[in-house]
Every structure is written in C-alpha cells, then in structure tokens.
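Let's take a walk through this protein together, from the overall fold down to a single side chain.

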Amino acid sequence: MATKAFPADHLSNGEAGNSLHNEGLENPHQEFKRRHANLASDGSVAPSDAENCTEKKARIQREMTLQDMYNEHAFDDDDEEDSDWEPMQKHVEVLKWFCTNCTMVNLDDVVHCDICGEHKDSGILRHGFFASPYQGGLTDVESEVKEKYKDLHVGVSVSNSCTVIGFDERMLLHSEVEMKSRPHPERADRLRAIAASLATAGIFPGRCYPIPAREITREELKMVHSMEQIEAVELTSHIYASYFTPDTYANEHSARAARLAAGLCADLASAVFSGRAKNGFALVRPPGHHAGVRQAMGFCLHNNAAIAALAAQAAGAKKVLIVDWDVHHGNGTQEIFEQNKSVLYISLHRYEGEKFYPGSGAAHEVGTQGAEGYCVNIPWSRGGVGDNDYVFAFENVVLPIASEFAPDFTIISAGFDAARGDPLGCCDVTPAGYAQMTHMLNTLSGGKLLVILEGGYNLRSISSSATSVIKVLLGENPGCDLHQYAPSKAGLLTVLEVLKIQMNFWRTLAPRFTRLQSLWEIYESKSKKKQIKKVRRAEAPIWWKWGRKRLLYHIIKGHLRVKSRGY
C-alpha cells in the first residue's frame with residue numbers, strides 16, 4: 001500500500017502543510033500568481049482559468065470520500081470565491097472560530113455555534129457533556145454527580161466482577177498535521193470529551209478500572225492484515241505527515257497510536273473472556289472497522305474489532321459475535337471475516353443504494369465460500385433513523401440470529417455517529433437508545449461483552465452516549481423501555497428485506513418474516529383507506545349544494561364519482 005508522504009527533513013511545518021492542503025489541488029500562493037498573470041485587459045479572469053475551475057470542481061466531485069461529505073459545502077464556497085476574484089479588491093480578513101463540539105466554522109461575532117448551538121468557550125473538554133452548552137461554565141448536575149460518587153475513587157483493584165477500560169494518552173498524539181478547511185472530524189478531542197464525562201461522573205477513575213496498555217505485535221497483526229498494509233502503517237512513523245486516502249491521515253505518532261489501540265483491544269478481549277474482568281470498554285483511536293486486509297481507509301489504520309475477535313478465540317472462544325452499529329458499514333471487518341463461520345458479523349448502517357460511504361453493506365452481502373449467513377447487513381435506506389428502528393431491528397434480526405448462533409464472546413463496534421447531532425451520520429439515536437441496545441446484547445455470551453469505540457464526531461453526543469453504554473456495563477438499568485414504539489415505514493421495509501434474505505440461513509427468522517409481512521399488508525390496507533377518506537374529506541361542503549357555489553359543488557361531486565368508477 002502506498003502513502004503520499006512528506007519527509008520531516010525535507011519540508012518545514014508550513015511547507016508540509018501547504019503541500020498537504022486539499023490533496024490534488026494547487027498551492028494557494030501559486031494559484032494567486034497564476035491567476036494574476038492570466039488576467040485579461042479588462043480585469044476579468046481569462047477563459048482558461050474558468051475552464052480549469054470547472055475541471056477542478058468536476059474532479060473533486062468524482063473523488064468524494066468520507067471527509068469530502070463533511071467538507072462538501074466548504075469546497076463549493078472556495079470555487080465560487082475563486083471565480084469572482086478581483087485583483088484590486090482590498091483584502092478583508094474575516095474572523096472566525098471552529099466549534100469545539102462539532103468543528104463547524106462560525107463568524108467571530110456569534111458566541112453559539114450555528115450548527116449545534118455549543119458555546120464558543122465550551123467546557124466540554126474539561127467536564128464532558130456535563131458542561132453547559134449555552135455558556136462557558138458548568139451545569140448544576142456536575143457538582144451533584146461528583147458528590148454522589150466522591151467515595152468511589154479509592155481502592156482500585158481489578159477483579160472478575162469489574163468493568164475495565166482501555167485507554168492510553170499516547171493515542172491523543174495521532175493527528176492531522178495541517179488543518180484543511182476545518183479541523184478533521186476524527187480528532188483527539190473525541191477521547192478527551194469521553195474521558196472528561198467519565199471522570200466528572202465518577203465512573204473512570206472510580207467505578208471502572210484501567211488495564212495496562214501495550215503495543216500489538218507484528219505477529220498478531222499478521223493474523224488480520226497483509227504485510228503490505230502493516231508495513232505501510234509502520235512507515236508513517238518516519239514521516240512528518242502522510243495520507244493513505246484523502247481523508248485518512250497519519251503523522252509520526254500514528255503507527256504507535258494504532259498499535260496501542262489494537263493491543264488494548266486484544267488484551268481487553270482476553271481479560272473479559274478468561275473471566276479476569278466482567279466486561280470492558282476500549283476508549284481507543286484511531287478507529288478500525290474500515291481497515292481491511294490490505295488497506296487503511298475511512299480514518300482507520302488497524303482493525304481493532306477483528307484483532308479483538310481473534311484474541312478472544314486465542315483465549316478459548318469458539319464463536320465470536322461482532323455487532324457494528326456505526327453509521328457507516330464496516331467494510332474492513334466484513335472483508336476479514338466473510339469466509340469465516342466462527343465469527344458472525346452483523347452491521348446496522350446507512351446504505352441508500354451505495355450512495356452512503358463506503359458504498360458497501362447491501363442486504364444481499366451474506367458471506368462467501370461456505371460462510372453464507374455469517375454476514376448480516378441491515379442497510380437503512382435514508383438518514384434520520386432513530387431509536388425505534390434500531391431497537392426494532394435488534395428485536396427481529398440481531399437478537400434472533402445471535403441467539404441461534406450462540407456466541408461465546410460478543411464485541412460491539414460502537415461508532416456513535418448515528419447519534420443525534422452527529423455532523424456525518426445525520427441520524428437520531430439517543431443515549432437511551434444506545435443503552436437499550438447494549439442491555440439487549442449483554443444477555444448474550446454470559447455477559448462477556450467488549451465495547452470498542454469506532455466513529456462519532458459530535459463531542460456532546462459521543463460522550464453522553466458512551467457514558468450511557470458504560471453505565472449499562474456497570475449493571476445499571478437503561479432506564480427507558482423502547483420496545484413499545486413502532487418502527488418507521490422505511491425501517492420496517494428494511495427489516496423485511498433482511499429477513500427475506502437471511503431466513504434462508506437462520507431457521508428462527510421464517511416465522512418472524514411471515515408475521516411482519518402480514519403486519520405490513522395490514523398497514524398498507526389501512527394506509528389506502530386513510531387516503532380514500534382524505535379524498536372524501538376534500539369533497540365540497542354540503543351547504544354548497546344550495547348556495548351560490550352549487551355549480552361548483554356538482555362539478556366536484558361528478559368528478560369524484562367518475563374517478564371512483566375507475567378504481
């Protein structure tokens with residue numbers, strides 16, 4: 001695997017950043033000089049520049065990546081500004097700031113983010129989601145929480161009844177060297193916000209215990225990745241700044257951060273399966289579920305969930321379940337295990353006919369070469385999917401298949417980018433929804449459960465959701481019963497599509513498909529009747545029959561009678 005790289009001894013910080021800015025585009029200063037030289041006599045930009053601008057925009061649209069979705073509007077704005085450039089126009093610096101919570105840009109004269117409403121001086125990195133979003137201070141909840149858990153910060157010792165957390169500050173050093181149009185969504189603040197929330201709540205340190213960090217070995221990585229992929233990641237430790245794909249960056253600390261993340265996941269899996277801990281949460285980065293056998297992509301370098309699954313099997317697990325609720329399909333995890341009957345991979349994600357990144361994860365992708373049925377994709381057809389649809393899919397697809405599979409160990413690839421407020425996922429899952437799903441999966445494998453952080457880019461959403469999940473690991477009740485709510489029409493259709501395919505491999509699904517198909521037919525019948533009633537309500541009022549509008553009344557009534565005979 002090749003990376004685009006800039007050696008540390010060749011470029012200065014600013015020069016390297018300029019070379020990295022918007023991969024494939026020209027240096028802004030060179031662009032300025034070129035355009036100045038190509039000005040027509042009337043001060044307008046020469047036609048060749050306009051053509052180049054069009055070609056540049058078309059090229060960008062062809063090369064859309066995960067972060068491009070995030071930055072699409074910013075690119076459009078840049079192109080428009082270029083086309084209107086005037087050489088004699090006085091340069092006016094526009095002061096702006098980037099939201100700590102969602103990274104979106106705001107003008108300096110506002111104090112709350114236009115996108116998420118977070119205060120300019122947010123304290124979310126100090127106190128997590130307990131910090132007030134409306135001001136720089138704290139909510140009243142923060143002091144109450146600290147008082148409640150103040151006696152739980154002492155007597156730390158790992159036991160088989162405890163929840164362990166994997167975390168190491170060296171993973172915070174993995175970062176994009178030069179910021180592009182706005183801060184990269186996969187940033188160190190994601191871990192800082194979660195850690196701050198857990199500390200404020202007295203959960204970690206306090207009710208959960210740490211596990212020593214170690215770097216994964218090359219031999220362990222070779223069980224998942226090719227040597228080409230492993231060496232490509234290792235190479236970045238000697239390079240100032242590099243990119244595997246336009247949205248997947250690395251700096252000189254990234255390889256170690258990836259090894260630490262993978263090593264923590266492997267050791268957590270071993271500790272939980274062997275009984276040295278009750279369950280665990282891997283507070284790690286960079287994420288992993290897009291990393292396949294031969295490639296790093298989608299912000300991911302090594303596949304942490306896959307490494308954890310094999311570590312659990314090395315510790316004695318015969319069958320491992322991986323449930324991936326990140327809003328993006330875990331194409332890397334699927335590739336690694338699609339021919340493996342000892343690992344069942346279930347993913348819930350936005351798909352929308354291959355239009356949502358990474359474009360894989362259709363319902364018909366079920367596994368290959370004898371492992372058909374051991375890959376289960378639940379592909380949402382739209383954005384905005386919330387708790388109701390996720391819990392409905394869990395009840396009718398995830399849990400029935402998982403129960404029949406009967407895993408010895410369960411892993412959650414826990415991306416929180418389907419959470420309400422996430423700028424990439426644009427879905428509507430709440431902390432209560434994540435807690436409920438965790439509670440449902442905790443009934444499997446005798447409670448031997450490992451949660452591994454994947455995506456999630458709104459700090460308030462990711463920190464509150466992760467905290468809710470860890471509370472369930474600690475034995476707390478989710479506190480909200482979501483079973484009583486019905487799914488959306490789109491959610492029901494997705495579940496029916498998955499059941500129709502997967503019931504060929506899992507015998508417990510056929511009765512569910514028949515029942516839900518009947519419910520859908522009843523729903524459709526009622527829906528048609530409601531539409532007919534709405535049409536009838538649209539008829540003219542009866543008093544028009546004897547008033548000045550009697551002609552119009554008869555025209556409408558006659559039209560409806562003709563239409564009704566055509567049914």
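Helices here are DSSP runs of H or I with at least four residues, numbered from the N terminus. Keep in mind that what you see is a predicted model. The protein has 19 helices and 13 strands, and 51% of its 567 residues are buried. Of the contacts between residues at least 6 apart in sequence, 74% join residues at least 24 apart. The protein exposes about 26000 Å², with carbon and sulfur atoms supplying 53% of that area.

Now find helix 7, residues 189-200. Its 12 residues should span 16 Å at 1.5 Å a residue, and its end C-alpha atoms are 16 Å apart, which agrees. Because 9 of those 12 residues are buried, helix 7 is largely enclosed by the rest of the structure. Among the buried ones are Asp189, Arg190, Leu191 and Ile194. After the helix comes Gly202, where phi is positive, near 75 degrees.

Where does Glu454 sit? Look in the loop between strand 13 (449-453) and helix 16 (459-473). Glu454 is buried yet has no salt bridge; Arg190 carries the nearest side chain of opposite charge, 7.6 Å away. A salt bridge would need a side-chain nitrogen of Lys or Arg within 4 Å of a carboxyl oxygen.

What Glu454 does have is a polar side-chain atom 3.0 Å from the backbone nitrogen of Gly288.

Key:
Residues are numbered from 1 along each chain as its sequence is written. This is a predicted model: local features need pLDDT of at least 70, side-chain atom pairs count only at pLDDT 80 or more; totals for chains, interfaces and linings use all residues. Side-chain values use heavy atoms; hydrogens and water are left out. Helices (H or I, at least four residues) and strands (E, at least two) are DSSP runs, numbered from the N terminus. Buried means under 20% relative accessible area, exposed over 50%, partly exposed in between (1.4 Å probe, protein chains only). Contact means heavy atoms within 4.5 Å. Accessible areas come from the Shrake-Rupley method with a 1.4 Å probe; for residues, only the protein chains shown count as cover. The expected span of a helix is 1.5 Å times one less than its number of residues. Lys and Arg count as positive and Asp and Glu as negative; His and the chain ends are not counted. A polar contact is a pair of N or O atoms within 3.5 Å; within protein, one must be able to donate a hydrogen and the other to accept it, and residues adjacent in sequence count only if both atoms are side-chain atoms.
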